Amino acid sequence: MALLEVQNLVLSFAGLEVIRELGFSVEQGTIASLIGPNGAGKTSVFNCLTGFYRPDSGRIHFNDHSILRLKPHKITQAGMARTFQNLRLFKSMTVLENVMSGMHCRTSTGVLGSIFHTPSQQREEELIRRVSEECLAFVGLLDKKDRHAGNLPYGDQRRVEWARALATKPKLLLLDEPAAGLNHDEKQELIELILHIRKELGITILLIEHDMGLVMKVSEKITVIDYGKKIAEGTAVEVQSNPKVIEAYLGSEDEEDLL
Amino acid sequence: MSPSADTSVVTDGINWLQHQRNRMIVLMVMAAVAMVIPLVANNYMLEVLTNAWFYTILCLGLNIVVGYAGLLDLGYAAFFAVGAYTTGILTSQFGINFWLTIPAAVLCSMLAGIIIGGPTLRLRSDYLAIVTLGFGEIVRIIARNLEITGGASGLIGIDRPSFFGIELSQGIHFYYVFLLLAIFACFVSYRLQNSRLGRAWQYVREDEDAAEAMGINRVGVKLYAYVIGAMFGGVAGSFFAVKMTAISPETFTFAQSVLILLGVVLGGMGKIPGVIVGAFALVLFPEIFRGLGSMRMLIFAIVMLIIMLYRPEGIWPRKQS
Amino acid sequence: MSTLDIILQQLANGLILGSFYALVALGYTMVYGIIKLLNFAHGDLYMVGGFVGFLILSAISGLLGESWAAIVCSMVLSMLAVGLLGVIIQRVAYRPMLQAPRLSILITALAVSMILSNGVMAITDGEYLAFNTDLSFDGLDFGNVFISYTQLALVVSASLLMVILYLFVNKTLYGKAMRAIAIDQDACKLMGINVNRIIAMTFFIGSSLAAAAGVMAGVYYGSLHFSMGFVIGLKAFTAAVIGGIGSIPGAMLGGLVLGLLEAFGTQIPFVGSEWKDVFSFGLLILLLILKPTGILGKTEIERM
């Protein structure tokens with residue numbers, strides 16, 4: 001049984017279908033990718049998976065449960081964490097505080113506990129801090145934990161987002177264009193980090209990416225979509241040689257003639 | 001009025017205050033001063049200071065909603081009204097002991113918070129502001145028109161409570177009552193601010209979507225802020241009723257809500273010392289400039305505009321990082 | 001009076017009330033559409049408009065008396081003055097805040113609203129001002145239904161203003177620019193549209209429509225008070241939401257719907273007029289919860 005299974009997903013905005021009858025699955029312990037040209041609907045798929053958009057119809061099963069009509073925070077609680085295409089850090093807070101947000105859904109201290117500092121509250125605060133520091137150490141940012149997130153260089157901000165997502169203790173990590181804006185060396189580090197997350201933490205990964213090189217290097221299974229439809233699926237080699245994929249990315253022969 | 005214009009003395013002072021131990025010393029000294037002031041103050045001063053502590057409680061309550069959770073509430077006086085009327089009605093019409101009405105007041109204001117907040121907190125912030133404004137007006141109009149609330153003239157003859165046999169009737173008694181309540185309100189605010197819930201408010205305030213993606217129930221944590229804020233208002237209202245012994249709907253107008261909001265904005269949203277300074281400014285300013293009369297609100301409004309334009313973080317200096 | 005008479009009479013009353021609401025709602029909707037700001041001060045501009053109109057009318061009454069000509073003249077001048085005031089408010093208070101958090105700009109708008117209403121309160125000492133006109137009390141008499149010429153004239157001029165606005169927004173280049181900015185401000189900047197100027201113009205138009213409604217209300221009710229902007233502000237906002245905020249035809253429609261609802265609402269037995277505002281605010285709250293996009297508003301991408 002796949003960890004994530006999507007079937008017949010349909011999403012439309014004001015009558016315009018953005019995702020059409022899309023189906024794909026992600027097996028436990030794999031690194032899968034969702035690729036496609038600009039405007040193919042990749043981020044919309046992510047937003048459906050994470051509960052930010054409400055799909056018109058279809059099935060989304062995660063860990064054997066339907067998450068189709070769940071709210072985003074419930075989905076995160078169920079074990080799916082995401083990063084954003086454009087960084088969405090809590091900029092005026094410290095790096096550590098940012099990462100601590102991930103532990104919110106794994107803890108439960110309420111109002112009275114907070115006011116009276118009950119023993120369980122103190123234990124929980126300690127746990128939140130420890131797990132968050134571990135996540136920061138994992139992405140290599142522990143020494144910057146007290147800096148304001150908004151003041152970090154771009155590459156580091158990305159890492160904060162990763163640490164924050166890891167702090168929710170996910171089973172599946174969704175990465176929305178993780179390589180966007182990174183230089184060549186940073187991309188190499190990114191590849192290592194992705195592989196490291198799976199190996200060390202056993203987290204399954206689904207990424208959306210433009211950078212074909214990166215996708216080819218890390219993913220075991222690639223799903224290609226265009227105009228919201230799946231046009232190909234398979235390993236890097238299979239997908240690369242698929243004429244439909246080449247057409248979607250490069251345009252058809254006829255169009256090229258016109259140019 | 002940029003931060004760079006702060007004199008170095010102020011900056012140094014603030015840095016010094018960053019240390020936990022130093023801050024405790026300052027707090028102790030201030031608490032001691034507040035405790036002994038009644039021994040030297042005359043009745044008028046005592047009345048004004050009592051009023052300042054009273055507004056401190058209200059402003060700290062609204063600060064949880066506006067400062068911590070970032071929700072604009074333009075009907076906060078409604079919760080204050082719910083608390084005051086609950087105590088007023090229960091003591092004067094049902095003869096219930098004042099102290100027993102406090103839990104009832106807390107419960108009623110909580111309920112009011114849930115009823116209005118539950119369905120509306122998912123709305124956009126500007127819609128929420130209008131809804132709270134409408135709610136505030138509805139509560140006031142209802143109080144004006146019901147028999148049990150005494151209609152337009154309100155409730156009179158609310159009994160003064162007694163405390164271990166002493167009837168709380170003199171100014172000095174209420175000074176201490178409101179001082180203790182204000183200290184308690186500070187304590188609760190401080191603890192909440194630095195808790196899991198306090199952080200969740202800050203996440204939601206900074207970026208709702210990201211907070212939600214991190215597994216935080218956006219509407220849920222906002223509702224917590226709203227209901228806790230309502231409880232502060234309810235308790236303050238409850239004590240207000242017995243201090244004044246009479247309440248009328250005209251105490252709980254939109255202008256009252258704006259005044260409390262002004263206290264929060266003036267000192268600095270989300271900062272406890274700032275909010276206290278704001279509440280004191282609110283009360284002391286009209287007392288010092290008595291000749292202003294009807295210009296009072298106008299001047300307050302102009303100050304509020306200037307603060308928003310030039311120093312949105314309020315008069316209390318921001319933390320140095 | 002027969003039931004039919006009551007219906008007709010309330011229909012007439014509702015139309016008059018509705019055209020006031022519609023004029024004020026237009027300003028809310030235009031400003032909201034273009035910069036996504038809920039302009040709390042808008043109701044107060046209506047109030048200021050009434051007072052400015054009164055001042056001008058008193059100043060020129062020696063010349064023109066208090067006839068229709070004088071009223072029209074003072075209404076136009078009041079529209080210009082308040083329109084300018086709207087632009088100044090936009091320039092001084094709102095423009096620096098456009099990038100700030102939403103909470104800040106809402107509080108700023110609230111401060112502006114308080115400055116206007118308390119400013120007028122300080123000037124007038126909180127007194128009611130009688131808005132005297134020597135218009136005749138004649139009108140069209142249909143047996144039990146009576147519509148005065150004043151009422152008729154008010155509805156006609158309100159409709160005229162709305163038709164002009166509609167043509168302006170839909171048929172001129174400026175109107176096109178306004179609609180374009182509402183959709184994508186950055187793209188407009190890239191296309192060389194002077195965005196700040198168009199925003200200022202929107203404030204001018206919205207504010208002057210509120211002023212027109214203020215002068216009309218002065219003529220209709222015969223008195224002015226500094227607090228008159230508060231309730232109408234809320235109601236016009238309700239009207240804008242009923243129609244779908246951001247939509248100009250929606251604001252007109254919403255105004256009429258709310259006016260008619262209120263007029264017929266007074267006919268509901270057992271509900272005293274003291275509950276009228278509870279009824280309106282309750283309606284607003286329900287509407288915001290159940291159908292925040294209104295009748296003609298665009299549905300946004302549905303978020304869970």
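Let's start with R88(A): at 26% relative accessibility, this residue counts as partly exposed, a label that sits between buried, under 20% relative accessible area, and exposed, over 50%, with a 1.4 Å probe and protein chains only. This is a predicted model, where local features need pLDDT of at least 70, side-chain atom pairs count only at pLDDT 80 or more, and totals for chains, interfaces and linings use all residues. Residues are numbered from 1 along each chain as its sequence is written, chains are lettered from A and ligands numbered from 1 in the order in which they are written, and side-chain values use heavy atoms, with hydrogens and water left out.

So what does R88(A) meet in a salt bridge? Its partner is D209(B), at 3.1 Å from N to O. By salt bridge I mean a side-chain nitrogen of Lys or Arg within 4 Å of a carboxyl oxygen of Asp or Glu. R88(A) lies in the loop between β6 (80–82) and α3 (95–100) of chain A, while D209(B) belongs to helix α9 (residues 208–213) of chain B, so this pair joins two chains. Helices (H or I, at least four residues) and strands (E, at least two) are DSSP runs, numbered from the N terminus.

Over all chains, the search finds 23 salt bridges. Another one pairs R159(A) with E189(A), with the closest N and O atoms 2.7 Å apart. That pair links distant parts of the chain, 30 residues apart: R159(A) is in helix α6 (residues 154–166) and E189(A) in helix α7 (residues 184–201) of chain A. E189(A) is partly exposed, at 39% relative accessibility.

Over in chain B, E212(B) and R218(B) form a salt bridge at 3.2 Å between the closest N and O atoms, and both residues are buried. There is also a network of salt bridges linking E137(B), R140(B), R144(B) and E250(B).

Now, chain C against chain B. Here 41 residues of chain C are in contact, meaning heavy atoms within 4.5 Å, with 43 residues of chain B. How many salt bridges are there between chain C and chain B? The count is 1, and D126(B) forms a salt bridge with R102(C), the closest N and O atoms being 2.6 Å apart. On the side of chain C that touches chain B, the elements giving two or more residues are α3 (68–94), α4 (102–124), α9 (228–243) and α11 (276–290) of chain C. Of these, α4(C) gives the most, with 15 residues.
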